[in-house]
Amino acid sequence: MAHNHSHGHNHSHTNNYNKAFAIGIGLNIVFVVVEVFYGLIANSSALLADAGHNASDVLGLVFAWFAVWMSTKKPTNRFTYGFKKTTILISVLNAFLLFGAVIAIGWDAVGKFKNPEPVAGTQVMIVAGIGVFINTITALMFLKGQKDDLNIKGAFLHMAADAGVSLGVVISGLLIVKTGLQWIDPVMSFIIILVILWGTWKLFTESIRLALDAVPSNIKFEKVKSAIIETTEVIDLHDLHIWAMSTNENALSVHVLTSTQDTDKLISDLQSKLAKQFNIKHVTVQLEKESLNCTKC
């Protein structure tokens with residue numbers, strides 16, 4: 001006896017971030033143009049390099065927004081789950097973009113160690129300060145959602161990294177002006193690299209796990225198994241699978257051994273419990289009668 005549970009999909013989560021993505025992309029495109037303009041005027045390689053880094057993060061935001069949009073598309077006969085997993089694939093891509101940004105920042109910092117250059121002055125610090133403001137505002141728009149959605153977390157990390165880089169430029173610039181020590185700038189770059197790597201590595205590993213259909217890190221397999229076993233009328237279970245359909249939706253399938261005649265109630269009880277306790281809302285339950293104990297077949 002089998003029962004598949006499906007329900008209407010709530011896209012409010014997606015809609016909540018359409019505005020955030022639009023504002024974030026718009027602000028950062030304008031800032032990239034400003035950085036390039038003043039970088040050329042001030043003859044500042046630091047500003048031009050930061051503009052390139054910001055441009056890669058705009059691309060990351062565009063990718064993330066595209067994935068969120070794709071996840072709302074209805075299933076087809078070929079893609080029966082829809083396109084929700086694009087959010088996981090994009091979170092992997094965003095991690096690679098962040099790793100690329102780290103390499104670029106590191107390369108620039110090593111170059112500054114070898115060939116120290118004087119900071120371009122107050123003008124550069126003012127532009128970088130604007131960057132801190134814009135990227136912090138953008139990051140804050142994704143702050144809440146990044147706890148529950150890897151794709152939103154990728155967008156948050158991109159913007160937080162940008163804010164950190166810009167803040168590093170401001171702080172190192174002020175310190176260099178005060179002390180005259182040119183090595184402060186590349187040292188600040190390596191500190192920023194460590195911060196970015198710490199967050200990006202967690203994003204990357206979790207994204208890879210979800211792409212391989214691993215149990216999401218916020219769900220404990222044994223706790224789910226115990227919750228099902230402890231449900232009234234459940235005798236035993238086997239073939240329990242838990243996986244991510246997207247970066248914020250999880251699914252479960254299980255074979256349950258029971259002797260109850262009221263199968264609808266049992267399925268309803270399981271669905272309610274799994275949704276309430278573990279936020280697993282896509283549940284497929286296959287019931288097996290005790291007399292046909294397939295676990296021993």
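Axes are lines fitted to C-alpha atoms, for helices over the stretch in contact, and angles between N-to-C directions run from 0 to 180 degrees. Helices (H or I, at least four residues) and strands (E, at least two) are DSSP runs numbered from the N terminus. This is a predicted model, in which local features need pLDDT of at least 70 and side-chain atom pairs count only at pLDDT 80 or more, whereas totals for chains, interfaces and linings use all residues. Residues are numbered from 1 along each chain as its sequence is written, and side-chain values use heavy atoms, with hydrogens and water left out.

The axes of helix H4 (residues 122-141) and helix H5 (residues 150-179) come within 8 Å and cross at roughly 155°. That angle makes H4 roughly antiparallel to H5, a label for angles over 145 degrees, with under 35 counted as roughly parallel, 65 to 115 as roughly perpendicular and the rest as oblique. With contact taken as heavy atoms within 4.5 Å, the residues that H4 brings to the contact include Val124, Ala128, Val132 and Asn135, and those of H5 include Phe156, Asp162, Leu167 and Val177. The residues of this contact divide into 14 nonpolar, seven polar and one charged, where Ala, Val, Leu, Ile, Met, Phe, Trp, Tyr, Cys and Pro count as nonpolar, Asp, Glu, Lys and Arg as charged, and the others, Gly among them, as polar.

## Aromatic pairs

The structure holds nine aromatic pairs, for which rings of Phe, Tyr and Trp (its six-membered ring) must have centres within 6.5 Å, with planes under 30 degrees apart counted as stacked, over 60 as edge-to-face and the rest as tilted. Phe79 and Phe83 form a tilted pair, 4.9 Å centre to centre with 40° between the planes.

The ring centres of Phe96 and Phe204 lie 5.4 Å apart and their planes stand at 70°, so this pair is edge-to-face. It links distant parts of the chain, with Phe96 in helix H3 (residues 86-114) and Phe204 in helix H6 (residues 184-211), 108 residues apart. Phe96 is partly exposed at a relative accessible area of 48%, while Phe204 is buried at 16%; buried means under 20%, exposed over 50% and partly exposed in between (1.4 Å probe, protein chains only). Phe96, Phe99, Trp201 and Phe204 form one aromatic cluster.

## The chain as a whole

The secondary structure of the protein chain comes to eight helices and four strands, and from the N terminus on the elements run β-α-α-α-α-α-α-α-β-β-α-β. Of its 297 residues, 46% count as buried.
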